[in-house]
Amino acid sequence: MIENILFDLGGVLLTLDMQKTTEAFLHLGWKETEWESIAQSSQLLFKNLEVGRDNSAIFRENVRGMLHENPTDEQIDHAWNAMLIGFPEGIVNYLNELKSKYKLYLLSNTNELHLKRFREIFQNSFGYSFDSLFVKAYYSHEIGYRKPEKQAYLSVLEDASLSPENTVFVDDLKVNTESAALLGMQVLPIEAGTLMQHLPRYLERMKNE
């Protein structure tokens with residue numbers, strides 16, 4: 001029996017467009033001919049931000065070191081947050097319905113800049129706090145671990161006292177659901193933007209088994 005639903009954020013609840021951030025950084029001085037090598041070398045930079053090793057100020061300085069210009073903090077933040085599009089109203093309404101039947105949780109690989117911005121987007125769109133949708137929301141830069149690291153899921157299971165077998169984890173990256181499944185969690189891998197096509201049918205099927 002499913003009692004708890006643990007959601008990923010980007011691609012599942014929050015619509016993302018990575019190309020917008022790519023274009024924004026190119027506009028700030030990253031040369032298109034250098035993009036592939038820069039993207040590879042920046043993986044550690046993004047990971048350090050997502051697990052809280054680097055704060056926003058360090059992240060901005062590291063970004064400046066990869067550019068040919070000297071953008072302001074606001075320009076960097078705007079470019080970094082450009083990928084955050086918004087929350088589909090249908091999904092938000094559905095989550096509010098699910099709250100009466102299941103305990104909802106969130107586990108997101110994110111960072112303090114994105115967290116501040118997508119909370120603002122949600123508040124401006126719906127008039128209440130994004131985190132109020134969940135019993136508790138867990139963010140990688142706050143817990144110090146990111147998916148698909150085993151400890152990211154264990155942090156949630158232990159802190160919320162959840163039984164893995166009674167918890168379904170929904171994510172749009174297969175590597176993340178595979179890692180959760182190894183810990184005994186139920187998993188629902190989906191493609192980005194398809195939550196409403198799959199989760200209602202999954203929960204109905206699980207009730208009937």
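**Note on the predicted model: sheet, cores and selected residues**

1. Strands β1 and β6 are paired in the parallel sense, with 4 bridges between them, and within this pairing leucine 6 stands opposite phenylalanine 169 of β6. The model under discussion is a predicted one, and the points below should be read with that in mind.

2. On the β4 side, strand β1 (residues 4-7) is joined to strand β4 (residues 103-108) by 4 bridges, and these two strands also run parallel. Asparagine 4 stands opposite lysine 103 in β4, while the bridge partner of leucine 6 in β4 is tyrosine 105.

3. Taken as a whole, the sheet is open and is formed by 5 strands in the order β5-β4-β1-β6-β7, with parallel pairing. Its edges are β5 (136-139) and β7 (186-189), each of which pairs on one side only, and from one strand to the next the twist averages 20°.

4. The side chains of β1 deserve a separate remark. Asn4 and Leu6 point one way from the strand, whereas Ile5 and Phe7 point the other way, and all of them are buried. In a regular strand, side chains alternate between the two faces of the sheet.

5. Which residues touch the most other members of the largest nonpolar core? In this core of 50 residues they are Ile5, Phe7, Leu13, Leu98, Phe130 and Leu199. A second, separate core has 13 residues, among them Tyr105, Tyr153, Leu154 and Ala160.

6. Helix α11 (residues 195-208) lies across β1, β6 (167-171) and β7, and runs at about 150° to β7. Leucine 199, when its neighbours within four places in sequence are left aside, is in contact with Phe7, Tyr94, Leu98, Val170 and Leu188.

7. Beyond neighbours within four places in sequence, the contacts of lysine 147 include Ser108, Asn109, Ala152, Tyr153, Phe169, Asp171 and Asn176.

8. Helix α5 (residues 73-81) has Ile76, Asp77, Ala79, Trp80 and Asn81 as its buried residues, and what covers them includes α1 (18-28), α3 (43-50), α4 (56-64), β3 (84-86) and α7 (112-126).

9. Within helix α5, aspartate 77 has a relative accessibility of 16% and so counts as buried, the limit being under 20%. Not counting residues up to four places away in sequence, aspartate 77 touches Arg60 and Leu113. The C-alpha atoms of aspartate 77 and threonine 177, which are 100 residues apart along the chain, are separated by 30 Å.

10. Asparagine 70 has its place in the loop between α4 and α5, and with a relative accessibility of 65% it counts as exposed, the limit being over 50%. Although asparagine 70 and glycine 29 are 41 residues apart along the chain, their C-alpha atoms are separated by 8.6 Å.

Definitions and conventions:
Residues numbered from 1 in each chain as written. Predicted model: local features only at pLDDT ≥ 70, side-chain atom pairs only at ≥ 80, totals over all residues. Heavy atoms only, no water. Core = buried A, V, L, I, M, F, W, Y, C linked by side-chain atoms within 4.5 Å. Buried < 20%, exposed > 50% of the residue type's maximum accessible area, 1.4 Å probe, protein only. Contact = heavy atoms within 4.5 Å. Pairing = 2+ DSSP bridges. Axes fitted to C-alpha atoms, helices over the stretch in contact; angles between N-to-C directions.
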